[in-house]
Amino acid sequence: MMSRSHRHPLVRLFGAILLTSLVTSGVLANDGTDSSERHMMLELRAGFFAPEIDDQFTVSTPYRDTFGADPMASIGLAADYQVWQGGGSLAIGGGVQYGWVTGKAKNQDGSDSTDDTTLHMAPLQLSLIYRFDYLALHHGIPLVPYVKAGITAAVWWVTNAKDEIASGWSRDQLAKAAAGTESDEWRAAQKPRTAAGITFGYHVSVGLQFLLDSLAEGMAITFDEEMGVNNSYIFVEYSFNDLNDFYDPK
């Protein structure tokens, strides 16, 4: 459920994630070491969304009432191309996530029904990324802090127990219809709302990578020579997304 009048964040936390540095050639790096040049990064991601949808409501808590306190599970894939390497690296990249959470659908009186309902969300992101990887690559310190910022387009939809896109009358529509104060023209123009859409916003992320090559240097060299993967990391990331179209379906 979304509108264009509120600005409320969607917070995302990722953990236990594998990141690899991809290459396009097997030549020596610019610093003369026996590793291939770095050009691209590929991220395989898993973690959680923690939607703050309820923060905009003064009385009701629709997300908690339907899905409880559990966050949305999330998986995703991202890639970026490094446009500058020096005191760290600067890259431009994009990614897609998919998150979901399941709860019990509500009857019109607010009570739980016997049917499940699932909220799905697929944020698409375009980012500018800076990684301070100079110490890891040249001085053996395996920690790489980084920051990302960019735009987000979140595709979302809600499914019912039949795995169909849910739809229904809003509380505002039902209340006006029950009061009988609206015109016949108003009644004829009303249609159930479809629980699907897309909303836009921005994201800012901070994270820390740990260079796995430092734990198994021989394996890392073989991986580079045979597969063209220069470095491998595991990382954690905290990401704040301001998506401004959630609204209260009265």
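1. In this predicted model, the side chain of Gln-209 forms a polar contact with the side chain of Arg-131, at 3.0 Å. Gln-209 belongs to strand β9, which covers residues 196-211. Is Gln-209 buried or exposed? Its relative accessibility is 1%, and Gln-209 therefore counts as buried, since the cut-off for that class is under 20%.

2. The second point concerns the surface. A nonpolar patch of about 710 Å² is made by Tyr-81, Val-83, Trp-84, Ile-92, Leu-126, Leu-128 and Ile-151. Two elements each give two or more residues to this patch: β3, at residues 72-86, and β5, at residues 112-131. Which of the elements gives the largest share of the nonpolar patch? That element is β3, with 3 residues.

3. One of the patch residues, Ile-92, may be considered separately. Ile-92 is found in strand β4, which spans residues 88-106. The relative accessibility of Ile-92 is 46%, so Ile-92 counts as partly exposed; this class lies between the 20% limit for buried residues and the 50% limit for exposed ones.

4. The next point concerns the chain as a whole. How many helices and strands are there in the protein chain? The chain has 5 helices and 10 strands. It consists of 250 residues, of which 40% are buried.

5. The mean pLDDT of the protein chain is 75, and 68% of the residues score at least 70. Where is confidence lowest, and where is it highest? Strand β1, at residues 8-22, has the lowest mean, 41, whereas strand β6, at residues 143-159, has the highest, 93.

6. Two stretches call for particular caution. Residues 1-33 have a pLDDT below 50, and in the model this stretch has 141 contacts beyond near neighbours in sequence. Residues 246-250 also have a pLDDT below 50, with 27 contacts beyond near neighbours in sequence.

How values were computed
Residues are numbered from 1 along each chain as its sequence is written. This is a predicted model: local features need pLDDT of at least 70, side-chain atom pairs count only at pLDDT 80 or more; totals for chains, interfaces and linings use all residues. Side-chain values use heavy atoms; hydrogens and water are left out. Helices (H or I, at least four residues) and strands (E, at least two) are DSSP runs, numbered from the N terminus. Buried means under 20% relative accessible area, exposed over 50%, partly exposed in between (1.4 Å probe, protein chains only). A polar contact is a pair of N or O atoms within 3.5 Å; within protein, one must be able to donate a hydrogen and the other to accept it, and residues adjacent in sequence count only if both atoms are side-chain atoms. Patches are made of residues with over 30% relative accessible area and no salt bridge: like charges are joined within 9 Å, nonpolar side chains (Val, Leu, Ile, Met, Phe, Trp, Tyr) within 5 Å. Accessible areas come from the Shrake-Rupley method with a 1.4 Å probe; for residues, only the protein chains shown count as cover. A salt bridge is a side-chain nitrogen of Lys or Arg within 4 Å of a carboxyl oxygen of Asp or Glu. pLDDT is the predictor's confidence in each residue, from 0 to 100. Contact means heavy atoms within 4.5 Å.
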